[in-house]
Amino acid sequence: MSEYFFQDKTSEKAIEKAEKELGLNKESLHIEVLEEKDKSLLGMKWGKICSIKVTIKPQSTGEASLEERVTKVENTAGIAEESLKKLLKLTDIQGDIELSETNDEIILNTNVNDDVEALFIGRRGKNLDAFQYIVNKIVEKKVNCKTKRVIIDCENYRARRIGRIEGMAHKAIMTVKESGEYYTFAPMKADERRIIHMTAKKEGFPTESQGEGIEKKVVIFPPNHI
Amino acid sequence: MTPIESIGQKDVFMFKDLIEYMAKSLVNNPDEVRIEETEDAKGSILELHVAQEDLGKVIGKNGRTAKSMRAILSAASTRAGKQSLLKIVE
């Protein structure tokens with residue numbers, strides 16, 4: 001690695017000099033102040049002199065890795081699709097992946113053969129969630145920085161499920177309205193509970209989550225409930 | 001080797017490959033990922049060995065990664081018409 005030496009009255013000035021000379025800003029330079037000593041001529045002190053040692057940071061590799069990372073981030077969708085494809089191949093599930101992207105989500109909608117659809121989705125989307133979780137983990141690891149969330153869907157199962165949960169919420173709201181008593185749902189996952197909270201909120205019904213962990217369930221109360 | 005046996009062999013390798021792919025994609029030391037498979041009458045048992053520092057990576061928060069890997073493995077087992085068990089060995 002090449003080293004450069006600069007001198008000036010102050011270290012700031014010496015750095016400025018180095019920046020000009022090398023055509024790089026100080027962020028990409030490694031600067032070491034060697035000494036600051038009094039300048040003397042014929043035994044008379046007149047000002048100071050500062051010497052610095054400058055080495056160029058290995059910015060070439062630094063930039064490359066940054067570039068690499070940018071392309072990787074851009075290619076998140078590709079990595080996600082690739083890992084899902086691999087997983088499907090290894091689990092012997094045949095299907096086509098249809099990729100779409102929103103601002104914060106990468107959606108992999110998979111069309112699998114009818115005979116494996118139920119297996120791929122699993123009970124209440126359990127397997128779909130497992131694939132989604134693992135693919136997200138793989139992507140996170142490969143890209144090595146914050147990325148878009150990968151959503152794995154199967155023939156719009158998730159969209160259909162949202163519709164169904166909204167339906168359930170409306171039905172429960174009707175029950176609460178008629179009976180004036182609270183209604184408790186079966187335990188659900190966080191994103192599913194969220195749909196019920198949102199739907200009930202729109203209708204002006206207070207809600208609450210009760211229980212812990214996987215046992216967490218939503219309760220809808222009558223509007224006058226304190 | 002009879003054709004039936006060869007299919008059985010292939011399935012075992014498939015499970016192994018599946019776990020290996022997932023584990024290697026998640027850990028910091030992919031070279032230290034090792035899977036031992038044993039097959040008995042009930043099905044296959046896969047023992048996953050990873051580097052000490054990677055144990056957390058394959059288990060995950062509240063065992064979520066392990067749970068997901070098992071769910072995917074069970075889907076693969078159903079496809080193969082077999083039973084399988086994933087053990088994560090310390």
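Which residue is the bridge partner of A:Ser209 in E9(A)? The partner is A:Val218. Let's see where that pair sits, and then walk through the rest of the model.

First, some ground rules. This is a predicted model, where local features need pLDDT of at least 70 and side-chain atom pairs count only at pLDDT 80 or more, while totals for chains, interfaces and linings use all residues. Residues are numbered from 1 along each chain as its sequence is written, chains are lettered from A and ligands numbered from 1 in the order in which they are written, and side-chain values use heavy atoms, leaving out hydrogens and water.

Two strands pair if DSSP finds at least two bridges between them.

**The E7-E9-E8 sheet of chain A**

A:Ser209 and its partner A:Val218 belong to an open sheet of 3 strands, ordered E7-E9-E8 in chain A, with antiparallel pairing. Strand E7 (183-184) and strand E8 (207-210) of chain A are the edge strands, each pairing on one side only. E8(A) runs antiparallel to strand E9 (residues 217-220) of chain A, over 4 bridges.

Two helices pack on this sheet. Contact here means heavy atoms within 4.5 Å, and angles run from 0 to 180 degrees between N-to-C directions, using axes fitted to C-alpha atoms (for helices, over the stretch in contact). Helix H6 (residues 157-179) of chain A touches E7 and E9 of chain A, and its direction makes about 40° with that of E9(A). Helix H7 (residues 190-203) of chain A touches E8 and E9 of chain A, at about 10° to the direction of E9(A).

**Other strands in chain A**

E4(A) and E5(A) make a hairpin with 3 residues between them. In this pair, A:Glu101 stands opposite A:Ile106 in E5(A). A:Ile106 also has a bridge partner in E6(A), namely A:Val150.

A:Glu101 has another link: its side chain meets that of A:Lys148 in a salt bridge (2.8 Å, N to O). A:Lys148 lies in the loop between H5 and E6 of chain A and A:Glu101 in strand E4 of chain A, so the pair ties together parts that are 47 residues apart in sequence. The rule asks for a side-chain nitrogen of Lys or Arg within 4 Å of a carboxyl oxygen of Asp or Glu. By that rule, the count over all chains is 12 salt bridges.

**The sheet of chain B**

Over in chain B, 3 strands form an open sheet in the order E1-E2-E3, and the pairing is mixed. Strand E1 (34-39) and strand E3 (83-89) of chain B stand at the edges with a single partner strand each, so one side of each has no neighbour in the sheet. On average, neighbouring strands of this sheet are turned by 20° against each other, direction ignored.

E1(B) and E2(B) form a hairpin with 3 residues between them. B:Ile35 has B:Leu48 as its bridge partner in E2(B), and B:Glu39 has B:Ser44.

Here are some strand pairs from both chains side by side:

| Strands | Sense | Bridges |
|---|---|---|
| E4 (residues 95-101) and E5 (residues 105-112) of chain A | antiparallel | 7 bridges |
| E5(A) and E6 (residues 149-154) of chain A | parallel | 6 bridges |
| E1(B) and E2 (residues 43-49) of chain B | antiparallel | 6 bridges |

**Where the chains meet**

Now for the interface. Chain A brings 20 residues to the contact and chain B brings 19 residues. The two chains bury about 1900 Å² between them, 70% of it on carbon and sulfur atoms. (Buried area is the accessible area, with a 1.4 Å probe, that two parts lose on being put together, summed over both.) In chain A, A:Leu90, A:Tyr133 and A:Lys141 lose the most area to chain B, together 32% of what that side buries.

How many salt bridges does the rule find across the interface of chain A and chain B? It finds 2 salt bridges. A:Asp92 and B:Arg79 meet through their side chains in a salt bridge (3.9 Å, N to O).

Helix H3 (76-90), helix H4 (114-121) and helix H5 (126-143) of chain A each supply at least two residues of the side of chain A that touches chain B. The largest share of that side, 9 residues, comes from H5(A).
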